[in-house]
Number of protein chains: 2
Amino acid sequence: MAKELSSREDNYSQWYTDLVTKADLAENSAVRGCMVIKPYGYAIWESMQAALDRMFKDTGHQNAYFPLFIPKSFFSKEASHVEGFAKECAVVTHYRLKNDPNGKGIVVDEDAKLEEELIVRPTSETIIWDTYRNWIQSYRDLPLLINQWANVVRWEMRTRLFLRTTEFLWQEGHTAHETMGEAIAEAEQMLRVYAEFAEEWMAMPVLRGVKSPNERFAGAVETYCIEALMQDGKALQAGTSHFLGQNFAKAFDVKFLSKENKQEYVWATSWGVSTRLMGALVMSHSDDHGLVIPPKLAPIQVVIVPIYRNAEQLEMVAVKAREIKKSLEARGLRVKFDDRDTQKPGFKFTEWEFKGVPVRIAIGPRDLENETVEVARRDTLEKEVLQMTGLDQKLVNILEQVQKNLFQKALDFRNLNTFKVDSWDEFLVQIEKGGFILAHWDGTAETEQKIKDETKATIRLIPLTNDGKPGKCVYSGKPSTQRVYFARAY
Amino acid sequence: MAKELSSREDNYSQWYTDLVTKADLAENSAVRGCMVIKPYGYAIWESMQAALDRMFKDTGHQNAYFPLFIPKSFFSKEASHVEGFAKECAVVTHYRLKNDPNGKGIVVDEDAKLEEELIVRPTSETIIWDTYRNWIQSYRDLPLLINQWANVVRWEMRTRLFLRTTEFLWQEGHTAHETMGEAIAEAEQMLRVYAEFAEEWMAMPVLRGVKSPNERFAGAVETYCIEALMQDGKALQAGTSHFLGQNFAKAFDVKFLSKENKQEYVWATSWGVSTRLMGALVMSHSDDHGLVIPPKLAPIQVVIVPIYRNAEQLEMVAVKAREIKKSLEARGLRVKFDDRDTQKPGFKFTEWEFKGVPVRIAIGPRDLENETVEVARRDTLEKEVLQMTGLDQKLVNILEQVQKNLFQKALDFRNLNTFKVDSWDEFLVQIEKGGFILAHWDGTAETEQKIKDETKATIRLIPLTNDGKPGKCVYSGKPSTQRVYFARAY
C-alpha cells in the first residue's frame with residue numbers, strides 16, 4: 001500500500017493526492033469538482049466538528065439552519081459582496097424535468113422556469129441578514145450569536161481534494177451586535193478560538209493577523225485570519241473571521257432601537273472554517289509512509305495487532321488484547337483490535353501506519369509470557385517494549401507526547417522556514433525556496449500586486465501587533481510601519 | 001405569548017403553524033418553500049441527530065458525504081426511480097452570473113451553460129451507487145454500511161413547516177450486502193432502530209409494517225415504515241427503510257466476486273428520517289398552552305425561575321438557584337437559570353411553558369426559609385412543593401415520569417382512535433372522525449385507489465405479521481388475507 005505513495009520530495013502535489021485517496025479520506029466524484037468524503041476521512045471531520053462545536057457553544061453561540069438557495073437579487077444588495085461571490089456559482093433556473101418528447105431520457109421542462117433564479121449559497125451573509133431583519137428590533141435582541149454547519153458551493157475551475165472543491169462543508173458564524181467594539185471583540189474572539197483549535201487539536205501552529213485590503217473577504221471591513229505553513233513551504237489560510245461593520249445591516253436594513261432610544265444599524269461579524277482543514281491536517285504532519293493524525297482527532301488512537309501462528313495462539317492473545325482494549329476504552333480512548341485473519345501482521349502494520357493511527361500495540365505469545373507489549377509510535381516510528389503493568393496510563397502519556405511532538409515539530413519547521421528579508425534580491429531568491437518571508441511593505445495595493453505578479457507571493461497577513469520597528473518596503477523602498485508575512489499559498 | 005396561539009379544536013392546522021413559529025422552532029424564509037430552522041428548533045434537531053447517530057454507529061454504520069449535485073443522466077438509469085423523483089427537483093443549468101449589460105444588477109451568463117444539467121439531490125441512491133461501483137469488488141468489501149447527514153431538495157407546491165418543505169435536512173443510510181437475506185435483515189433492523197428512537201426518545205408510539213406496492217419508494221422492492229397518529233386523527237409517516245433488491249446494483253453495474261468465485265450483483269437497502277420528525281414531535285404532545293417536549297430531547301430540561309421583590313432577595317435566591325443548577329448539571333441534566341430582571345416570574349412561567357420545558361422550578365425567599373422549591377410539570381401542568389433534601393434524584397425521577405407519561409398518553413390516544421371496521425358504510429363514517437381504521441383489503445391497487453379517491457384515506461401500512469384471520473375486503477367484498485391500516489395522512 002505505502003509503496004504506491006509518491007514521495008514528498010519527488011512530487012509533493014502527487015504525494016498529497018495519492019495519500020488523500022489511498023488512505024480513504026476522499027476521492028473525486030462523478031460531478032466535476034465535487035468530492036466524496038469517505039468514512040475514514042469523514043470520521044476525522046466529525047472529530048473536528050465536535051471540538052469546534054463545543055468551543056462555539058462555550059463562547060455562547062447557538063446553531064441554526066438557513067436555506068441552501070439564495071434569490072439572485074439578494075447578492076446585488078451588498079456591492080462588494082456581489083463582486084466577490086456571485087460570479088462563480090451554481091444557478092438554479094428550473095424546478096422540473098420531463099420525459100423527452102423524442103424519447104431520449106429526461107429533459108428540463110421549459111414550462112417550469114423560475115421567475116427569479118436561485119443561487120446555491122457560496123456563503124450565507126445575504127440570506128441570513130435578510131432573516132435577521134425580522135429577528136432584531138431592540139438592543140434586547142442583541143447580541144445574536146449564531147452558527148450554521150452547512151454545505152456551500154463555489155464554482156471552481158481548478159479543484160483539489162479538500163483544498164479547493166466546488167462543494168465543501170463548513171461552518172459559518174453570523175453574529176449581530178449593538179456596538180462596533182463588541183463586533184470587533186467577537187471577530188477577534190473567534191480568531192482566538194480558531195487558533196486554539198488549530199494548535200491544540202490539529203497540532204498545527206498558526207500565525208494570527210489581518211489581511212491586507214486586497215485579500216479581504218468581499219463585504220468585510222477587516223478580515224482576521226490564521227495562516228499555517230505546509231511542509232512544501234507554501235502557506236495555507238486555515239480560517240477567517242470578519243468584522244463586517246454595518247455593511248450588511250445597511251444592505252438589508254437591519255436596525256435596532258438602542259438603549260438611548262435611537263434607531264441604529266446593527267454591527268456584524270462572520271467567521272468560518274471548512275473541510276479545507278482536512279487538507280491542512282494532511283499536509284502538516286503526514287510523511288512518505290502515509291498519514292500522521294494527531295491523537296486528539298484520530299478516529300482510531302490505538303490499534304492492537306495480534307501476533308500468532310495458529311488459532312490456539314490467536315485465542316490466547318485475543319483474550320489479552322480485548323482486555324487491553326476494554327481498559328483503554330474505559331479511559332475514553334478510541335481503540336481498534338484488528339483481529340482479521342485474512343491479513344498478516346506485517347500487512348496490518350503497514351496499513352495502520354498508512355492510515356496514521358498514532359499508536360500501535362503488537363502482542364504475541366512471547367508477550368503474554370513476559371507480560372509485555374510492543375508499542376510503536378506513528379510520529380517517530382519508534383518501537384519499545386513496555387511492561388503490562390500500568391499500561392493504560394503509559395499509553396495515555398504517549399498519546400499526549402505524540403500530540404505535543406507533532407505540534408513542536410511543525411513549529412520548529414515553521415521557525416526554520418520563516419525569514420526576515422530586507423532586499424528585493426534576497427526576496428526573489430528566498431521565495432523560490434518556500435516558507436514565510438517577513439518583510440517591510442509600503443502599505444499600497446499597487447506594491448502588493450506587483451510583488452504578486454513578479455513572484456506569485458501574496459501578503460498572508462499583517463501581524464496583529466506592530467513590533468514598533470519601521471523600515472523600508474522590500475520592493476519600493478518607501479517607508480513601512482511594520483513587517484508583514486509573505487508567502488506563496490494554497 | 002400563549003394567548004396568540006390558536007386552540008387545537010378551533011383550527012388544528014393554524015395551531016400547528018402558530019406554535020412552530022411562535023415557539024421559535026422554524027419560520028418560512030424568503031425562498032419559497034424553504035424554511036429557516038431557528039436555534040431553539042435546531043437544538044431539538046441536534047438532540048435527535050445525536051441519539052440517532054449513536055444508534056447507527058452502534059449497529060455498525062459509518063458516516064460519509066456524497067455530492068449535493070447529481071448528473072441528470074443518473075436519474076434515467078433506474079426506471080421507476082426517475083418516475084418518482086426526477087420530476088420535482090431543482091435544476092442547475094448555469095455556473096456563472098455576470099453584470100447585466102443594461103446595468104440592471106446581475107444576470108445569468110449564457111456562456112456558462114452546463115453541458116449536462118445537475119439536479120440538486122432529492123435523495124442520493126444514484127450518486128452513491130455510482131460511487132459504490134468502485135468501492136465494491138469482492139465479498140470482502142461487504143457489507144458496506146454507510147449513512148449520510150445531508151440536506152435534500154424536492155420541489156413541493158404546497159409546503160408546511162417541517163412537514164413538507166422544499167429543502168429539508170435528513171439522514172440517508174445506504175448499505176450494500178452479499179445476499180438478499182442480509183439486505184432484508186438490514187432493512188428490518190433499521191426499522192426497529194427508527195421505532196425504538198420514536199418511542200423511547202420522542203415518546204411517540206408507532207406502528208410498524210410495510211407499504212402497499214402503490215406507496216413504495218420509487219425503486220424499492222419493499223418499503224418498511226413506521227406510522228404515528230397525530231392529535232387531529234391524521235397519520236404521519238415518520239420513517240422508512242427500503243429493501244432495494246438488486247435494482248440499483250443493476251442500474252449502476254455494481255458486482256462483486258462472491259465466495260464461490262462468481263460475479264454477482266450486490267443487494268441494497270436505503271433508509272431515512274428527516275426534519276419532518278420535528279413536526280411529528282410537535283403534533284404528538286403539544287397542547288393549547290404551547291410546546292410539550294419529551295425530556296430526552298428537550299434543549300432545556302429544567303428551568304429555574306427566581307421569585308423576588310428586590311435585589312437583595314434576588315441575590316439570596318440566586319445563590320441557591322445556581323447551586324441547584326450546578327448539582328443537576330453534574331447529573332447530566334440540561335438546566336437554565338432564568339435570571340433576567342427585565343421580566344416578571346409570571347411572564348417567565350408562561351414563556352417556558354410555551355417553549356415546552358418539561359420541568360420548572362420556582363424558588364423564592366419563603367422557599368429558602370422552608371428549604372423547599374415549587375416544581376411544575378409541563379405535561380400535567382401540576383405543581384407540588386418539594387423538600388430540598390434529595391431534590392436532584394426527585395427531579396431525575398420526575399423527568400423519567402414525564403417521558404413515560406407522554407408516551408403512555410400518546411399510546412392511549414392511538415388505542416382509543418384505532419377502529420376495526422368491517423363495512424364500507426362504517427368506514428365512510430369513521431374516516432371522517434379520524435384515527436386508524438383496521439380493515440380488510442383485497443390486495444389490489446385498484447381497490448386501494450378507489451378508497452383513496454372516495455375518502456382521501458390511504459393504506460398506511462400492512463402489519464409485519466399476519467394475524468391469521470382472513471376476511472372480506474371492506475370495499476370490494478373480495479377475499480382478504482389480513483387487515484391493513486387505513487388513515488388520512490400528512
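Modeller: Chain A is divided into domain 1 (2–66 + 132–285), domain 2 (300–397) and domain 3 (418–487); the bounds come from an automatic or database domain assignment. Everything here refers to a predicted model, in which local features need pLDDT of at least 70 and side-chain atom pairs count only at pLDDT 80 or more, while totals for chains, interfaces and linings use all residues. Residues are numbered from 1 along each chain as its sequence is written, and chains are lettered from A and ligands numbered from 1 in the order in which they are written. Taken over C-alpha atoms, the centres of domain 1 and domain 2 of chain A are separated by 37 Å.

Now to the interface. In chain A, 54 residues are in contact with 55 residues of chain B, where contact means that the C-beta atoms of two residues, placed from the backbone, lie within 7 Å. Strand E5 (residues 88–99) of chain A gives the largest share of the side of chain A that touches chain B, namely ten residues. Helices (H or I, at least four residues) and strands (E, at least two) are DSSP runs, numbered from the N terminus. By residue type, the side of chain A that touches chain B holds 33 nonpolar, eleven polar and ten charged residues. In that count Ala, Val, Leu, Ile, Met, Phe, Trp, Tyr, Cys and Pro are nonpolar, Asp, Glu, Lys and Arg are charged, and the others, Gly among them, are polar.

Two strands pair if DSSP finds at least two bridges between them. Within this pairing, A:Arg96 stands opposite B:Glu88 in E5(B).

Helix H12 (residues 391–416) of chain A has 26 residues and reaches 36 Å from its first C-alpha to its last, close to the 38 Å expected at 1.5 Å a residue; the expected span is 1.5 Å times one less than the number of residues. The buried residues of H12(A) include A:Leu395, A:Leu399, A:Gln403 and A:Arg414. A residue is buried if 20 or more other C-beta atoms lie within 10 Å of its own, exposed if 12 or fewer, and partly exposed in between, with C-beta atoms placed from the backbone. Helix H2 (residues 39–58) of chain A has 20 residues and reaches 28 Å, close to the 28 Å expected. Among the buried residues of H2(A) are A:Trp45, A:Met48 and A:Phe56. A:Gly60, with a positive phi near 90°, follows H2(A).

Chain A also has an open sheet of eleven strands with mixed pairing, in the order E3-E8-E9-E15-E12-E11-E10-E23-E26-E22-E21. Its edge strands are E3 (62–63) and E21 (418–420) of chain A, each pairing on one side only. E3(A) runs parallel to strand E8 (residues 144–153) of chain A, joined by two bridges, and A:Asn63 stands opposite A:Asn147 in E8(A).

In chain B, strand E10 (residues 207–210) is covered on both faces: B:Leu207 and B:Gly209 on one side and B:Arg208 and B:Val210 on the other are all buried. E10(B) pairs antiparallel with strand E11 (residues 222–229) of chain B over four bridges, and antiparallel with strand E23 (residues 458–463) of chain B over two bridges. B:Val210 stands opposite B:Tyr224 in E11(B) and opposite B:Ile462 in E23(B).

Last, one residue of chain A: A:Trp424 lies in helix H13 (residues 424–433) of chain A. A:Trp424 counts as partly exposed because there are 17 C-beta neighbours inside 10 Å. Not counting residues up to four places away in sequence, A:Trp424 touches A:Val474 and A:Tyr475.
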